[in-house]
There are 2 protein chains.
Amino acid sequence: MEIVFLGTGAGVPAKERNVTSIAVQLVEERGATWLFDCGEATQHQILHTSIRPRRIEKIFITHLHGDHIFGLPGLLGSRSFQGGDSLLTIYGPKGIKEFIDVSLRVSSTHLRYPIEVVEIEEGLIFEDEQFSVRAAKLEHGITSYGYRIVEKDLPGTLLVDKLKVENVSPGPIFQRLKAGETVELEDGRKLDGKEFVGPPQKGRIITILGDTRECQNSITLSEDADLLVHEATFSGEEIELAHDYFHSTTKQAATIASKARVKSLILTHISSRYQRESSSQLLSEAKAIFENSYLAQDFMRYSLPRV
Amino acid sequence: MEIVFLGTGAGVPAKERNVTSIAVQLVEERGATWLFDCGEATQHQILHTSIRPRRIEKIFITHLHGDHIFGLPGLLGSRSFQGGDSLLTIYGPKGIKEFIDVSLRVSSTHLRYPIEVVEIEEGLIFEDEQFSVRAAKLEHGITSYGYRIVEKDLPGTLLVDKLKVENVSPGPIFQRLKAGETVELEDGRKLDGKEFVGPPQKGRIITILGDTRECQNSITLSEDADLLVHEATFSGEEIELAHDYFHSTTKQAATIASKARVKSLILTHISSRYQRESSSQLLSEAKAIFENSYLAQDFMRYSLPRV
Ligand SMILES: [Zn+2]
Ligand SMILES: [Zn+2]
């Protein structure tokens, strides 16, 4: 599980930071990439990474501001052009379907793969045997969602060494033991699978929030997450600006991370008023409140290995 | 008058060539820039030029394929964000208005300047004291227009030296002579303005065509143009591919240039199948038919000084 920041700026593209898009690469887990937001030129940014548009399985849109969606029609078209043929599911607030439908229809873009556009409400929006994704509303003037991605715990591994001691040879029995069954051997012994399986591996939790003021749902969505990605459009002292424009400061983001007891915090959606020189200041503002903070840069990768 | 190629690729963006947009800088002429097409990330390309989005006065869309329009909503928003307050007029085929309206509405983009969207038909689509712009349909499967931009002839300059010989001093009389009036001097002499004004300066003609097969309207639009910008999606031998996909080859573009007796031809909209190494081959195919040919590259500038 690896997070790639494709765009880390706010509002308008700048030379240093493109508008928002975040890729969650689930290559090991499911051979797929999930995208969170798709600002203009996201597909251009992708050209400089190892991400394959064909492998994008889901796109989650946090909110409909242009800097989060204007790259969507182009990316959909290119995914088709590059041979993508698998289902793509797009989740987002009400309105996303009209934007996609009209963009594709007016431009005569005929996709060679099926898409499903899900206009979401709060709550569980996706679940399979590996992951669940929940959404909750934030405070951004327009509807803006935060997403909590929870990986399900993996069953423990079979304790092969312990089985060797019991003189059990590999075979179909291993599968049944791993599934927790009680198995009778040819020599009459009965083995309880549960005694030969290690503890379950804890799934990881990532929370990716849309643009927002400091709010309670940000904490709820982030509780005990391994990683929280939170916007920090403004520096610590710009509390009024942040409030007026429905955004957050570095310090507010760090406060959320601290209250939610996350393991790591990455700040993104940085206003273009802050040049590269300001990066260390922005970061130290957050670190003063929540030590394990990082400041996103375009193309930054963050690995979240299974523990 | 200067042409800046912001994107010279076809269909999908590539590292070397972005999707289509062409800026005609009329800084001297009217302190403005006109844009022809606006593929995704046109505003990103503009960041690397001296073009100011605030100064974009008109945008002409040739056709509605995504690689020609998906940069429009973002550019409109950024023009507002960057303080643009003057009227922006957008010309394009039927459908462009719905795309703009829906994109701006869904994304809650509120422009701080007025826009006028003109869904054009063939014929004269704009005229003022400096320029006229005509449009005609090409052959691209969907409606695709070519534009012929004609600068009006400038009146000749006043022959000041000749007036000096006649002992006429500068003053309001000069204006009237320049306007061609016959003026009576205080000493009773009558001077005919027409004898003291040089020949009119010929206005320039630029033709910028949308994607198209080789067709008659391309010639009509380009006749005697100082510059023709023509797509050349495919190399000379790919006549069938070009025909099937409603595009042109290098040689077809050069043939149009030759038949229309233009002064210069610039080939653009080059398929990503052709890498940088192929450039000289593509160019020489065109040059064999029309010598004064150029192959566009992203950020190439082409000056068209007044003669
Ligand atoms: Zn934003
Ligand atoms: Zn095209």
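Which residue lies over the face of Tyr113(B), and at what distance from the ring centre? After that, please turn to the zinc ion (ligand 1) and its donor residues.

Modeller: Please keep in mind that this is a predicted model. The residue over the face of Tyr113(B) is Arg79(B), which lies at 4.3 Å from the ring centre. A charged end is also found over a ring in chain A, where Lys58(A) sits over the ring of Phe126(A), 3.8 Å from its centre. Phe126(A) in turn belongs to an aromatic cluster, which it forms together with Trp34(A), Phe36(A), Phe60(A), Tyr91(A), Phe131(A) and Tyr147(A), and over all chains the structure holds 18 aromatic pairs.

As for the zinc ion (ligand 1), it is coordinated at 2.1 to 2.4 Å by OD of Asp67(A), NE2 of His68(A), OD of Asp211(A) and NE2 of His269(A). The angles among these four donor atoms run from 84 to 169°, and the site is irregular. Along the sequence, the donor residues follow the spacing D-H-x142-D-x57-H. His68(A) lies in helix H3 (residues 66-69) of chain A, while Asp211(A) lies in the loop between strand S12 (205-209) and helix H8 (216-222), so this pair ties together parts that are 143 residues apart in sequence. Both His68(A) and Asp211(A) are buried.

Around this site, chain A has 11 helices and 16 strands, and of its 307 residues 57% count as buried.

Notes:
Residues are numbered from 1 along each chain as its sequence is written. Chains are lettered from A and ligands numbered from 1 in the order in which they are written. This is a predicted model: local features need pLDDT of at least 70, side-chain atom pairs count only at pLDDT 80 or more; totals for chains, interfaces and linings use all residues. Side-chain values use heavy atoms; hydrogens and water are left out. Donors are N, O and S atoms within 2.8 Å of the metal (3.2 Å for Na, K and Ca); water is not among the atoms, so sites may look incomplete. Four donors count as tetrahedral if all angles lie between 85 and 135 degrees; four count as square planar and six as octahedral if opposite donors are over 155 degrees apart and all others between 65 and 115; anything else is irregular. Helices (H or I, at least four residues) and strands (E, at least two) are DSSP runs, numbered from the N terminus. Buried means under 20% relative accessible area, exposed over 50%, partly exposed in between (1.4 Å probe, protein chains only). Rings of Phe, Tyr and Trp (its six-membered ring) pair if their centres lie within 6.5 Å; planes under 30 degrees apart count as stacked, over 60 as edge-to-face and the rest as tilted. A charge sits over a ring if NZ of Lys or CZ of Arg is within 6 Å of the ring centre and within 35 degrees of the ring normal.
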